[in-house]
Amino acid sequence: MKRACETEVRPARQSMTSRYAGQTVVAIGAHPDDLEIGLGGTLAKLRRDGANVIMVVASIPKDFEVRMAEAKRGAEVLGCELRFLMPEGPRRLEDIKTCELVGMLDGLVRDYQPAAVFTHSSADFHNDHLLIYNACQPIQRLAYFDLFSYHPTNCRPVPVAFHPKAYVDISDTIEAKMEAIAAHASQFGGRGLDTEMYREFARMQGRMIGVPYAEGLDVARMLLH
């Protein structure tokens with residue numbers, strides 16, 4: 001017989017998908033492919049289980065038509081609705097005034113009244129990603145919503161100081177994530193980059209919580225009842 005101290009005790013798990021079922025969540029990425037890389041498995045899981053998921057691509061600085069088509073394909077694979085923040089043509093986030101960018105993101109809150117928003121992390125190293133993260137902070141003044149940051153995204157392995165506070169088991173949506181990433185052929189296949197590192201990273205995150213695959217999130221705010 002095991003002594004009490006030897007008994008395995010696992011914490012109760014709550015489904016994120018049940019939390020947002022029937023509600024709208026908005027995920028914001030600076031460029032096409034950021035959302036698929038950062039939390040594609042989570043978005044697919046949320047959509048499958050009844051959430052209305054809006055994937056927002058903030059800017060496409062070049063190769064506009066190609067990358068727009070790839071973004072549409074990625075969102076289709078994940079089953080999510082896609083919105084371009086600046087659909088009129090190529091534009092760099094660095095060229096946009098902060099007040100203008102915040103105003104655009106304010107529009108998302110007013111249009112969708114999201115129960116949750118997912119955005120880039122303050123631990124990211126890409127300036128465009130940090131611009132989106134910083135612009136998402138003031139939009140919290142308009143309404144209450146849960147706010148999460150996903151792991152910094154990149155095309156090559158780069159060490160970052162990101163420490164998830166929550167994990168989502170994506171074991172049943174890892175293939176959708178990988179297919180959605182592969183939709184961005186101009187960023188990977190066309191440049192000879194291997195996307196399997198994202199599967200390996202999801203496997204590493206899964207080991208943290210005892211599941212095959214997971215995605216880590218930082219929690220900026222969350223209402224608990």
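**View 1. Strand β4 and its two faces.** In strand β4 (residues 116-119), A116 and F118 point one way while V117 and T119 point the other way, and all are buried; buried means under 20% relative accessible area, exposed over 50% and partly exposed in between, with a 1.4 Å probe and protein chains only. In a regular strand the side chains alternate between the two faces of the sheet. The model is predicted: local features need pLDDT of at least 70 and side-chain atom pairs count only at pLDDT 80 or more, whereas totals for chains, interfaces and linings use all residues. Residues are numbered from 1 along each chain as its sequence is written, and side-chain values use heavy atoms, with hydrogens and water left out. Strands (E, at least two residues) and helices (H or I, at least four) are DSSP runs, numbered from the N terminus.

**View 2. The partners of strand β4.** Strand β1 (residues 24-29) and β4 pair in the parallel sense over 3 bridges; two strands pair if DSSP finds at least two bridges between them. The bridge partner of V25 in β4 is A116. Strand β5 (residues 146-150) runs parallel to β4 and is joined to it by 4 bridges, and A116 has D146 as its bridge partner in β5.

**View 3. The whole sheet.** Seen together, the strands form an open sheet of 7 strands in the order β3-β2-β1-β4-β5-β7-β6, with mixed pairing. The edge strands, β3 (81-84) and β6 (166-169), each pair on one side only. From one strand to the next the twist averages 30 degrees; axes are lines fitted to C-alpha atoms, for helices over the stretch in contact, and angles run from 0 to 180 degrees between N-to-C directions. Helix α7 (residues 196-209) packs on the sheet and touches β6 and β7 (214-221), and its direction makes about 70 degrees with that of β7.

**View 4. Strand β2 and its neighbours.** Because 5 of the 6 residues of strand β2 (residues 52-57) are buried, β2 is largely enclosed by the rest of the structure. Parallel strands β1 and β2 are joined by 6 bridges, with M55 in β2 as the bridge partner of A27. The pairing of β2 and β3 is also in the parallel sense, over 4 bridges, and I54 stands opposite E81 in β3.

**View 5. The largest nonpolar core.** A nonpolar core is a set of buried Ala, Val, Leu, Ile, Met, Phe, Trp, Tyr and Cys residues joined through side-chain atoms within 4.5 Å. The largest has 35 residues, of which M16, Y20, L43, L46 and F118 touch the most other members. Helix α2 (residues 34-48) gives the most to this core, with 6 residues. Not counting residues up to four places away in sequence, L43 touches A27, L35, V53, M55 and C80; contact means heavy atoms within 4.5 Å.

**View 6. Helices α3 and α6.** The axes of helix α3 (residues 64-78) and helix α6 (residues 174-182) come within 8 Å and cross at roughly 170 degrees. This crossing makes α3 roughly antiparallel to α6; angles over 145 degrees count as roughly antiparallel, under 35 as roughly parallel, 65 to 115 as roughly perpendicular and the rest as oblique. R73, G74, V77 and L78 of α3 make the contact with A176, K177, E179 and A180 of α6. K177 counts as buried, at 3% relative accessibility.
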